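Dear colleague,

I am passing on the structure below, followed by notes on what turned up in it. Please read the notes with the coordinates open beside you.

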Protein chains: 2
Amino acid sequence: MEGTIKSPANYVPLTPISFLDRSAVVYADRISVVYGSVKYTWRQTRDRCVRLASALSQLGISTGDVVSVLAPNIPAMVELHFGVPMVGALLCTLNIRHDSALVAVLLRHSGTKVIFADHQFLQIAQGACEILSKNGDKVPLLVLIPEPLVQSVSGKKNAMEYEDVVAMGKSDFEVKRPKDECHPISVNYTSGTTSSPKGVVYSHRGAYLNSLAAVLLNEMHSSPTFLWTNPMFHCNGWCLLWGVTAIGGTNICLRNLTAKGIFDNISQHKVTHMAGAPTILNMIINAPESEQKPLPGKVSFITGAAPPPAHVIYKMEELGFSMFHSYGLTETYGPGTICTWKPEWDSLPREEQAKMKARQGVNHLGIEEIQVKDPVTLRTLPADGVTMGEVVFRGNTVMNGYLKNPEATKEAFKGGWFWSGDLGVKHPDGYIELKDRSKDIIISGGENISSIEVESTLFTHPSVLEAAVVARPDEYWGETACAFVNLKDGSKVSAEELISYCRDRLPHYMAPRSIVFMDLPKTSTGKVQKFVLRTKAKALGCLSKKGVSKL
Amino acid sequence: MEGTIKSPANYVPLTPISFLDRSAVVYADRISVVYGSVKYTWRQTRDRCVRLASALSQLGISTGDVVSVLAPNIPAMVELHFGVPMVGALLCTLNIRHDSALVAVLLRHSGTKVIFADHQFLQIAQGACEILSKNGDKVPLLVLIPEPLVQSVSGKKNAMEYEDVVAMGKSDFEVKRPKDECHPISVNYTSGTTSSPKGVVYSHRGAYLNSLAAVLLNEMHSSPTFLWTNPMFHCNGWCLLWGVTAIGGTNICLRNLTAKGIFDNISQHKVTHMAGAPTILNMIINAPESEQKPLPGKVSFITGAAPPPAHVIYKMEELGFSMFHSYGLTETYGPGTICTWKPEWDSLPREEQAKMKARQGVNHLGIEEIQVKDPVTLRTLPADGVTMGEVVFRGNTVMNGYLKNPEATKEAFKGGWFWSGDLGVKHPDGYIELKDRSKDIIISGGENISSIEVESTLFTHPSVLEAAVVARPDEYWGETACAFVNLKDGSKVSAEELISYCRDRLPHYMAPRSIVFMDLPKTSTGKVQKFVLRTKAKALGCLSKKGVSKL
């Protein structure tokens with residue numbers, strides 16, 4: 001159009017780096033990060049990030065390189081989320097539950113040039129480097145992050161240390177901005193619930209837009225105080241590391257999560273916002289009264305990763321938390337939906353309200369559209385609350401693709417949509433509700449059994465702390481539901497009692513035919529590792545007609 | 001990067017159209033627009049916008065065409081902000097204070113193909129069309145928007161009517177999305193404070209990003225209730241027409257602004273957010289007690305367009321409003337800065353607090369950077385709170401350029417920055433403070449006099465309602481300050497008293513040498529028309545040494 005131009009005056013590639021540059025001015029003296037007695041302001045945080053970028057540049061890191069980190073929720077994680085992109089590189093945040101063998105696989109696959117390792121995970125990182133070395137693979141430079149609360153010991157060091165790296169950087173380093181906002185900013189390997197890890201690539205544009213969407217979805221005002229109870233390494237902390245920066249919030253870091261630590265920190269720092277998987281919710285609602293403290297004000301809590309049982313949401317709200325339920329995948333930068341509350345639900349009975357809140361909801365602002373589709377015909381299925389299909393996403397906060405895996409990317413994006421692998425329905429009000437992972441569905445006598453539905457029923461039993469349901473081979477039915485149950489401390493209930501409890505509340509074919517009592521294996525992000533349970537269920541052997549079931 | 005692709009699954013051009021599509025699902029049954037007894041839900045609003053787009057398409061409107069509107073804050077304005085872009089066209093919102101001659105100029109310059117005119121402004125639009133017709137120019141199709149509160153009279157009509165247009169559209173019309181998010185969405189002619197109007201072109205991308213920035217800057221939560229006291233035709237309602245849609249808010253429309261109407265609507269609809277120029281603030285704080293009503297809760301009020309006097313902010317807060325001060329220009333999509341409050345200011349005396357709030361502040365999230373530069377050397381000036389220069393902007397929410405005026409665009413974007421024409425300083429804390437428009441500065445004996453500073457002093461006088469200061473030719477000093485003052489009802493004060501009041505509080509050379517009592521001429525957006533006053537000041541003649549001044 002005549003008279004209009006694209007100029008540096010009116011076009012700046014979108015990147016979360018802008019958030020930090022702005023907050024270092026607007027919120028210069030406000031606290032950015034707290035970890036015990038360690039505190040920084042936004043001005044200091046930006047300076048440290050710039051120096052980190054400068055040091056990485058001196059170490060030979062440049063555009064498109066990968067820098068990895070193996071650390072819990074500590075201040076260095078905040079700094080790496082900016083320092084690494086500021087030199088044009090990708091940040092790869094590794095899951096701290098991985099062992100050396102898996103870390104070695106991921107370092108090799110990503111081509112990591114530098115790995116930062118928290119002291120608690122140093123051996124894992126060293127072990128991974130040894131494996132790479134033995135195999136003749138290129139070994140990344142290892143940087144140790146010592147405990148920030150302990151004075152560094154001078155003298156001979158076994159590895160380069162984090163503060164030395166920051167110190168060698170220059171404050172006047174010229175930060176590299178992406179030339180194209182679709183350039184990658186990070187890579188997140190999908191967690192252990194899938195057998196072959198895939199490197200999910202995020203872009204500067206997607207990270208920018210998902211950060212703002214996350215801020216709005218969390219109803220965050222200017223300068224919130226965010227307590228980190230979701231892992232920073234998971235989906236870049238659901239993009240909240242960048243999001244909290246955008247609005248000049250304060251990051252409260254915690255190395256270890258305990259109910260006492262959570263309540264103490266909420267109270268001490270007047271926390272306003274939190275996020276976490278249902279395991280954290282369980283930790284909070286089951287905390288002994290002696291460890292609980294009254295909340296200092298409204299605390300918004302966003303939960304995701306797995307559908308929260310209705311009664312858990314209900315109990316959290318009794319404690320005073322405002323619960324938001326979100327859903328997404330690593331491939332959607334973490335949260336992609338929000339179960340937006342409707343005022344007309346206020347008059348529903350509280351149990352019904354909790355059921356409404358347990359639905360996955362509607363696309364947030366970064367996602368353009370969410371549908372339930374037939375995975376074979378690719379057709380959109382009716383929004384009738386009944387017809388089950390695969391949940392698909394489309395929008396700017398969907399990943400760039402799987403690193404070095406064009407086949408998997410092509411498969412995931414068939415027909416111009418991202419196929420989540422999650423099965424669900426769309427209700428007439430446009431809200432989606434998950435029924436299962438496609439591989440978690442149990443097919444019994446030709447009928448689909450939603451493992452989530454069986455789990456939800458088990459959760460309503462007063463003795464059940466956690467439950468996970470998978471398929472067990474069955475001579476007659478093909479598969480039947482097998483429940484793994486973790487009871488509350490001091491509770492007692494028999495398998496037969498639980499089965500009959502389910503049969504009273506579900507169609508008979510859906511009730512579990514076998515129950516196993518045990519602690520549930522979980523990923524570090526709080527997801528139950530169903531593939532472990534499926535192996536266990538198979539090992540139990542094929543059920544004969546003489547099994548427990550009386551169908 | 002290997003394995004990553006750009007696909008419809010992960011890339012969608014940014015456009016405010018996405019906001020409406022999403023809100024029609026997420027906030028389907030919530031009220032979108034209220035105008036007296038007229039009410040729509042978001043589902044209905046989207047349906048009406050799609051039909052409007054469909055009808056425009058039937059009328060021959062397509063990508064790149066311009067559709068204009070001449071209307072106050074009525075529901076059709078909300079619909080046109082989506083319906084016009086949904087057919088790929090640009091919306092041109094005309095200032096309702098323009099006369100037929102000026103409207104004709106703008107219709108011709110923009111190449112408007114359809115003009116929608118509210119019944120109150122029908123004659124202006126008809127007059128403009130007649131002028132075009134007489135000159136042999138192409139005459140746009142005129143669509144009348146009758147009063148929505150009055151039942152339409154059937155029978156012979158003089159012009160096509162708005163509801164007929166909506167009715168002829170189809171609900172299943174395929175909405176046109178921009179192929180490139182930088183494509184234009186609207187054109188805003190700059191208001192009458194400049195002598196030659198320029199058509200400022202906004203893009204879909206800029207509109208999207210400024211909407212989110214405006215939502216965050218207003219600290220808007222999900223589903224706010226927004227009372228329209230800023231004109232929708234001005235900078236597309238500071239992008240809040242799109243912003244309120246993004247978060248499913250309710251637009252309360254008012255045709256005429258009166259203190260009583262404002263207080264009544266705040267109370268009746270439980271308004272949470274408002275915006276407006278200082279004239280609206282004056283209307284509110286000077287309302288007779290009989291017309292005031294207590295606020296139903298916190299009401300955030302964002303003010304801009306002209307620097308608000310400190311005592312006005314102070315009085316608004318006494319009434320219970322939470323005041324935010326923002327600054328920007330038509331070229332920055334309206335607000336581009338926000339005077340973000342710092343907690344350490346809480347302990348300042350209230351007058352000092354109000355002074356802090358009157359500063360223009362820091363760039364909002366859509367603007368990348370704001371600086372004060374020397375307009376000759378283009379160098380950035382020190383942030384010392386003293387060195388005056390021109391305020392410059394850079395970021396995604398700066399216009400695409402001036403329509404059909406590449407020379408003006410080039411001039412405005414020199415050196416990769418947008419030059420605002422406003423003079424100001426940057427304080428050491430990074431906050432900018434305006435001192436004057438470059439053409440409003442008064443140069444007296446070689447010293448710069450900031451008209452804003454003189455006005456601020458006049459405002460502190462208890463009898464002064466409004467004041468505007470311009471240069472008057474002076475035999476000895478070159479120029480001296482001439483103040484135009486509007487006194488409060490029933491107040492009496494002489495010119496000599498006011499001058500000596502200023503001399504007691506300002507350096508003597510800055511005090512006005514002449515005072516004229518009168519109503520101030522204003523643009524419809526509440527800006528004082530200083531060019532009118534400058535002409536008046538010149539007409540007063542050159543002051544001789546024997547003038548009032550006793551320097």
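How many bridges join β3(A) to strand β5 (residues 112-118) of chain A, and in which sense do the two run? There are 5 bridges, and the two strands run parallel; strands here, like helices, are DSSP runs numbered from the N terminus (strands E, at least two residues; helices H or I, at least four), and two strands count as paired if DSSP finds at least two bridges between them.

Before the rest, two remarks on conventions. This is a predicted model, in which local features need pLDDT of at least 70 and side-chain atom pairs count only at pLDDT 80 or more, whereas totals for chains, interfaces and linings use all residues. Residues are numbered from 1 along each chain as its sequence is written, chains are lettered from A and ligands numbered from 1 in the order in which they are written, and side-chain values use heavy atoms, with hydrogens and water left out.

The sheet in chain A

The strand β3(A) belongs to an open sheet of 8 strands with mixed pairing, in the order β7-β6-β5-β3-β4-β8-β9-β19 (chain A). The edges are taken by β7 (160-161) and β19 (401-402) of chain A, each of which has a single partner strand, so one side of each is left without a neighbour in the sheet.

Strand β3 (residues 66-70) of chain A is mostly covered, with 5 of its 5 residues buried (buried means under 20% relative accessible area, exposed over 50%, and partly exposed in between, for a 1.4 Å probe and protein chains only). Val66(A), Ser68(A) and Leu70(A) point one way from the strand, while Val67(A) and Val69(A) point the other way. Val69(A) stands opposite Thr93(A) in β4(A), and its bridge partner in β5(A) is Phe116(A).

The domain assignment, which comes from an automatic or database source, gives chain A a domain 1 (12-205) and a domain 2 (442-539). Taken over C-alpha atoms, the centres of these two domains of chain A are separated by 40 Å.

Aromatic rings and charges

Over all chains, the search finds 20 aromatic pairs, where rings of Phe, Tyr and Trp (its six-membered ring) pair if their centres lie within 6.5 Å, and planes under 30 degrees apart count as stacked, over 60 as edge-to-face and the rest as tilted. One of them is the edge-to-face pair of Phe226(B) and Trp228(B), at 4.8 Å centre to centre and 75 degrees between the planes; Phe226(B) is buried, with a relative accessible area of 0%, and Trp228(B) is buried at 0% as well. Another pair, Phe393(B) and Phe418(B), has centres 6.4 Å apart and planes at 40 degrees, so it is tilted. This pair links distant parts of the chain, since Phe393(B) lies in strand β18 (residues 389-395) of chain B and Phe418(B) in strand β20 (residues 418-426) of chain B, 25 residues apart. In chain A, Tyr327(A), Phe393(A), Phe413(A) and Phe418(A) form one aromatic cluster.

A charge sits over a ring if NZ of Lys or CZ of Arg is within 6 Å of the ring centre and within 35 degrees of the ring normal. Arg394(B) lies over the face of Trp417(B), at 5.4 Å from the ring centre, and Arg394(B) is also the bridge partner in β18(B) of Glu369(B). The charged end of Arg505(B) sits over the ring of Tyr501(B), 3.6 Å from its centre.

Positive phi values

Most residues other than glycine have a negative phi. Leu378(A), in the loop between β17 (367-373) and β18 (389-395) of chain A, has a positive phi near 65 degrees and is partly exposed, with a relative accessible area of 33%. Tyr333(B), in the loop between β14 (321-329) and β15 (334-338) of chain B, has a positive phi near 60 degrees, but Tyr333(B) is buried at 0% relative accessibility.

With best regards
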